[in-house]
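Subject: Structure handover

Hi,

Here is the structure I promised to pass on to you. Have a look at it first, and then read my notes.

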Amino acid sequence: MASHASRPTDAKQRQREQHHAADPAGGPLTTDQGVVVDHTDDSLQVGERGPTLLEDFHFREKITRFDHERIPERVVHARGAGAYGFFEPYHSCSEFTKAAFLQDPSVRTPVFVRFSTVQGPRGSADTVRDVRGFATKFYTAEGNYDLVGNNMPVFFIQDGIKFPDFVHAVKPEPHNEIPTGASAHDTLWDFVSLQPETMHMMMWLMSDRAIPRSYRTMQGFGVHTFRFVNAEGQGTFVKFHWKPKLGVHSLVWDEAQETQGRDPDFNRRDLWDNIAAGNHPEYELCVQLVPETDEHSFDFDLLDATKIIPEEQVPARPIGRMVLDRNPENYFAETEQVAFHTANVVPGIDFTNDPLLQARNFSYLDTQLIRLGGPNFAQIPVNRPVAPVRNNQRDGYHQGQIHSGTSYSPNSLGGGCPVHTGADPSAFSHLQERVDGRKIRKRSESFKDHYTQAALFFLSMADWEKQHIIDAFRFELGKVGSMQVRERTVEQLAHVHHGLATAVAEGIGVAPPEKEDTPQPEPSPALSLAGENNRGDGSIRTRQVAVLVADGVDAAQVGAVREVLEAGGAVVEELAFHDGSVRDGDGREHRVDRALPTVASVLYDAVVVPGGPSSVQELVADATVLRFVRDAYRHGKPVGALGSGVGLVAKLEPEGLRLAGDGDGAVADHGVVSDTSTGGAGEEFLSQLTAAVAAHRHWDRPPVRH
Ligand code: HDE
């Protein structure tokens, strides 16, 4: 299994074979009318060189169907990847919600999840700097519930009426449709610099959260404050979090950019391959609960989607887990046609008056009508509830039901069906919240602090995360042509953190801002990727480790490395100059997994160079091999070297790479693990290598010059 396989893996192959065996269309080719076709390779024409005949209905049908294969892509979140799975609660949540799927640990609710990027079109690259969508459809016994979240807990704007403005600003510019899948351009930053409520979200977008290593190592958030409602009709405010079991891991920007070319499907492939190989991604659903009586006890407004509730203030309690264990059969039918809607709620889950959520509750149904060509999209298999559907809604494009009987209410001729007595305790009934006020267009005063939580995010970061944020602002604003926009953005940043604003200004040719008093909130360690809560289970499961080999490689060392890493759940791939096999140090044939020219360092999480003098001699002479190791080091990845392999890694010492001191045993320095002894890979080396891989990245290395 590999995250960048160019040939079918065993699992994939098996899946295809099973699929074909089960294919009901396993007979002769027919038209859409079921007429068997005798020939599909040549159109019907007059003589061998004559014109094509209009009466060739098979040709016309085939081309017409082809011409109509596309539907409008999503206005935002066009590029996505989906998977099926299940959700099960850990315990009953009846104290807070009557939602049936949150009551019984023995009840598994099927789910479909779609991960996505926001800005780029369907064919854009995966590893762009962007927000990721994390949308979950729960097919519950009480109807479908959609939790349509993102991998960041806040949003760019506070009121949905600004959404078209924001999206127009971030999308490619209208005259030349540039840039694709990127926010580094004038119109976005123009908007940002004039709309300070974006500041908190921009901190997240400039952080490593915007370039996740994998959809499997990404958090999800419901963003808005929602409401749980229990059987007594009592409401509780709730914020939803998904926490990945493997921890939260990201790429670095240089790597993310290169990966866009090396494997534009990097995240999509990673999800697919891991599910196919049985490495089923798992996420914990956590909730932050706030009693209604505490609605006003925060120094921000719970209805403001540009704010988080720090986990130190209100803990995120785990209430269940979701496992994704099945790939879709057909991308279009399932991942493209899935239709999420924030207003798809079930009894026990309700809305708040968050003006962003209220706007979403209109938009998602509306957008499906155009995208899926009419009102019957809930009948598409991926959208169909498992709960029975009975109502008087009729007809319309793509009606798939053959309704009979009456279609109005009240009726007597249809026996009064479908009934709605209003007395059914399991029916959805909206929480009876008292609301009164004037009709006004006015942002609440309680929504006006745009800087404190932006500062909170920055102050909560580890030093390397802060540096990545500064670099990202410099990169993005460095691509902005208008100096005015650059300056205005720096002015905004100056309200967040003077040091950040100054460092950004220096990188983009703008005068540093005046020192001013900026907010000094207490940091929230839960926000940092370095924080304990984001490290996952500490295992090396599914990490991709490259082992570089050539003729003469020490097969025993490779075997020992493979055995230990694979036992921990990592995926080890031996890369040689060509596919097939090499000769090991004893002249025996030794199979390799992949040819080096088809892959790159950025597609792996770690690299190991085993010994074998002639293998290393051949490898060291090749610039791509040195680049492989250099890139891994630059990107903070573990580097392992054994015996003569240490000599290869040492070639990069003049550039600044740091190896731990000499000595016979295994030594490690910031994730560079080496052992010059000529024996096999010893226990000490293997345990240090495993620890280095488990740490994922090693940030505080001395930099290399190259
Ligand atoms: Fe969306 N959003 N959104 N959004 N959104 C859509 O619905 C919209 C917002 C999110 O994989 C669209 O079916 C408005 C916040 C995800 O299919 C559209 C506003 C959050 C997905 C739409 C927001 C999201 C969408 C486009 C401001 C995080 C992809 C196609 C009021 C909590 C779902 C579609 C999938 C998709 C509207 C803001 C997440 C146009 C008007 C906040 C994950 O209806």
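Below is what I found in it, starting with how the values were made.

This is a predicted model, in which local features need pLDDT of at least 70, side-chain atom pairs count only at pLDDT 80 or more, and totals for chains, interfaces and linings use all residues. Residues are numbered from 1 along each chain as its sequence is written, and side-chain values use heavy atoms, with hydrogens and water left out.

Let me begin with the core. A nonpolar core here is a set of buried Ala, Val, Leu, Ile, Met, Phe, Trp, Tyr and Cys residues joined through side-chain atoms within 4.5 Å. "Buried" is under 20% relative accessible area, "exposed" is over 50%, and "partly exposed" is in between (1.4 Å probe, protein chains only). The largest such core has 55 residues, and the members that touch the most others are Phe 156, Trp 189, Met 203, Ile 469, Phe 473 and Leu 500. Two or more residues each come from helices H3 (163-170), H4, H5, H10, H11, H12 and H13, with H5 giving the largest share, six residues. Helices (H or I, at least four residues) and strands (E, at least two) are DSSP runs, numbered from the N terminus.

Now the charges. The whole structure holds 40 salt bridges, each being a side-chain nitrogen of Lys or Arg within 4 Å of a carboxyl oxygen of Asp or Glu.

- Glu 336 and Arg 74 meet at 3.7 Å, N to O. Glu 336 is in helix H8 (residues 331-336) and Arg 74 in the loop between H2 and strand E1 (80-89), so the bridge ties together parts 262 residues apart in sequence. Glu 336 counts as buried at 0% relative accessibility, and Arg 74 counts as buried at 11%.
- Arg 488 and Asp 190 meet at 2.7 Å, N to O. This pair links helix H12 to helix H4, 298 residues apart. Arg 488 is partly exposed at 22%, and Asp 190 is partly exposed at 30%.
- Asp 605 and Arg 213 meet at 2.7 Å, N to O. Asp 605 sits in the loop between strands E15 (594-595) and E16 (606-609), and Arg 213 in the loop between H5 and strand E5 (220-221), so parts 392 residues apart in sequence are tied together. Both Asp 605 and Arg 213 are buried.

There is also a network of salt bridges linking Asp 254, Glu 258, Arg 262, Arg 627, Asp 631 and Arg 634.

What does Thr 259 touch, not counting residues up to four places away in sequence? Its contacts are Thr 127, Pro 264, Phe 266, Val 602 and Leu 603. Thr 259 lies in helix H6 (residues 253-262) and is buried, with a relative accessible area of 0%.

Happy browsing, and do write back with any questions!

How values were computed. Contact means heavy atoms within 4.5 Å.
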